[in-house]
Amino acid sequence: MKKIFTLVAVALSAMTVNAQESWVVYNQDGTLKADYVANSDATAMSVVSFSTANVEGTHTSGPIAGYIDGSTTPLEPKYDNSWGNLSKKDLSADGSVAPFYYVQGKGNPVNIDKVTWEEVITDDVPTGNYRPYWNDAYYVADGSAGLPKNGTYVTLKAKADGVMKVAAWINKGNRDVYVVKASDAKALTYGTDCKVSGYINGQNWEVESDESPLKGYMMYQEELPLKGTEGTDAFVIGAGNQASFVYFTFNAVANETYYIFCKSTQIGFGGYEFTSASGISNATVDETNANAPVYNLAGQRVGANAKGLLIKNGKKFIK
């Protein structure tokens, strides 16, 4: 299992030669970290807290996923504060592109206090039954609706200025996904404030040789396409109805908290890597193997004659 751990650490590598610190959702043996357990109180939020030398963060789940249909006001809440199982997507047959791990939470990322109610109308006749009207409770990109207080979201806070790189799985490319600065509740703009790289299901390597281990597997893209540039379309990654495996990379300001979430809850968190501006941080990968494979910054395995900024045993070097 050491190979799996090293490869995934490579996938979360930042784009500098400074030391980095990282945290991921899996153990070295490929199992989900023990922190991912539900709160024993089903009506309370489940929270995983994690940290490295310069970063503190949380991953939340629940507690309210919905309401039991057909009830009259007040509606009976249906609680779910559980965690999804650890999921893995292999991005190449031989491991030359690292597998992608993630875990999901439960519940829409909303502000429960802003939920309103609407009466169910059938054939223009009021039924006396009510259902929650969520629109006012959802986050909007200009920050006017505030930050989510329930459901699934990740928070990250750095002690120093630096570059943050976060791994996230998005179930479908027609969902709004946000990286939000807590101080003003506004979403970072993709392409300028935040780079989005990674893989989109179905967009594969164009490899002619049937013997290539990359043939038929997803292609790594330095900049993933967006659905549009106006309104919420500017936050739809992949421009299609396909799953995406992405890395959000942005400049993190010291003592600022950043929220990462999907408007329709279908998002998985894989971990993060942080490189401080001063280069002072702790690398988590210390495995050494003189015969270990070498990779480029896209996570592709390269030969012994390759030159440039390369990665071996999870550490960068220049050749």
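Partly exposed denotes a relative accessible area between the buried limit of under 20% and the exposed limit of over 50%. At 31% relative accessibility, Lys 106 therefore counts as partly exposed. Asp 80 has a relative accessible area of 23%, so this residue is also partly exposed. The two residues form a salt bridge in this predicted model. The closest N and O atoms of Lys 106 and Asp 80 are 3.5 Å apart. The pair links distant parts of the chain, 26 residues apart. Lys 106 sits in the loop between β7 (100–104) and β8 (116–122). Asp 80 sits in the loop between β5 (77–79) and β6 (87–89).

Across the whole structure, the search returns four salt bridges. Another of them joins Lys 88 to Asp 90, with the closest N and O atoms 3.4 Å apart. Lys 88 is partly exposed, at 40% relative accessibility. Asp 90 is partly exposed too, with a relative accessible area of 38%. Glu 222 and Lys 195 form a further salt bridge. Here the closest N and O atoms are 2.8 Å apart. This pair also links distant parts of the chain: Glu 222 belongs to the loop between β14 and β15, Lys 195 to strand β14, and 27 residues separate them. Glu 222 has a relative accessibility of 39% and counts as partly exposed. Lys 195, at 32%, counts as partly exposed.

Strand β14 itself spans residues 194–200. The strand is mostly covered, with six of its seven residues buried. Its pairing with strand β15 (residues 244–252) is antiparallel and runs over seven bridges. Within β15, Ser 244 is the bridge partner of Ile 200.

An open sheet is formed by six strands. Their order is β2-β3-β10-β16-β12-β13, and the pairing is antiparallel. β2 and β13 (186–187) are the edge strands, each pairing on one side only. β2 pairs with strand β3 (residues 55–61) in the antiparallel sense, over six bridges. In β3, Thr 60 is the bridge partner of Val 47.

Aromatic contacts were examined next. The structure holds 19 aromatic pairs. In one of them, the ring centres of Phe 50 and Phe 269 lie 5.7 Å apart and the planes meet at 25 degrees, so the pair is stacked. The assignment follows because planes under 30 degrees apart count as stacked. Phe 50 lies in strand β2 (residues 46–51) and Phe 269 in strand β17 (residues 267–276). The pair therefore ties together parts that are 219 residues apart in sequence. Both Phe 50 and Phe 269 are buried.

Tyr 178 and Phe 261 form a tilted aromatic pair. The distance is 5.6 Å centre to centre, with 50 degrees between the planes. Tyr 178 lies in strand β12 (residues 177–181), whereas Phe 261 lies in strand β16 (residues 257–262). The pair thus ties together parts that are 83 residues apart in sequence. Both positions are shielded by the burial criterion: Tyr 178 is buried at a relative accessible area of 1%, and Phe 261 is buried at 0%. Tyr 178 and Phe 261 also belong to a cluster linked by ring pairs, together with Tyr 139, Tyr 190, Phe 235 and Phe 248. A charge over a ring occurs at Tyr 247. Lys 165 lies over the face of this ring, at 4.9 Å from the ring centre.

The protein chain has a mean pLDDT of 83, and 81% of its residues reach 70 or more. Confidence is highest in strand β10 (residues 153–158), at 98. Confidence is lowest in helix α1 (residues 2–11), at a mean of 39. Over residues 1–17 the pLDDT is below 50. This stretch has 53 contacts in the model beyond near neighbours in sequence. Residues 279–288 also stay under 50 in pLDDT. For residues 279–288, the model has 28 contacts beyond four places in sequence.

Note on methods
Residues are numbered from 1 along each chain as its sequence is written. This is a predicted model: local features need pLDDT of at least 70, side-chain atom pairs count only at pLDDT 80 or more; totals for chains, interfaces and linings use all residues. Side-chain values use heavy atoms; hydrogens and water are left out. Rings of Phe, Tyr and Trp (its six-membered ring) pair if their centres lie within 6.5 Å; planes under 30 degrees apart count as stacked, over 60 as edge-to-face and the rest as tilted. Helices (H or I, at least four residues) and strands (E, at least two) are DSSP runs, numbered from the N terminus. Buried means under 20% relative accessible area, exposed over 50%, partly exposed in between (1.4 Å probe, protein chains only). A charge sits over a ring if NZ of Lys or CZ of Arg is within 6 Å of the ring centre and within 35 degrees of the ring normal. Two strands pair if DSSP finds at least two bridges between them. A salt bridge is a side-chain nitrogen of Lys or Arg within 4 Å of a carboxyl oxygen of Asp or Glu. pLDDT is the predictor's confidence in each residue, from 0 to 100. Contact means heavy atoms within 4.5 Å.
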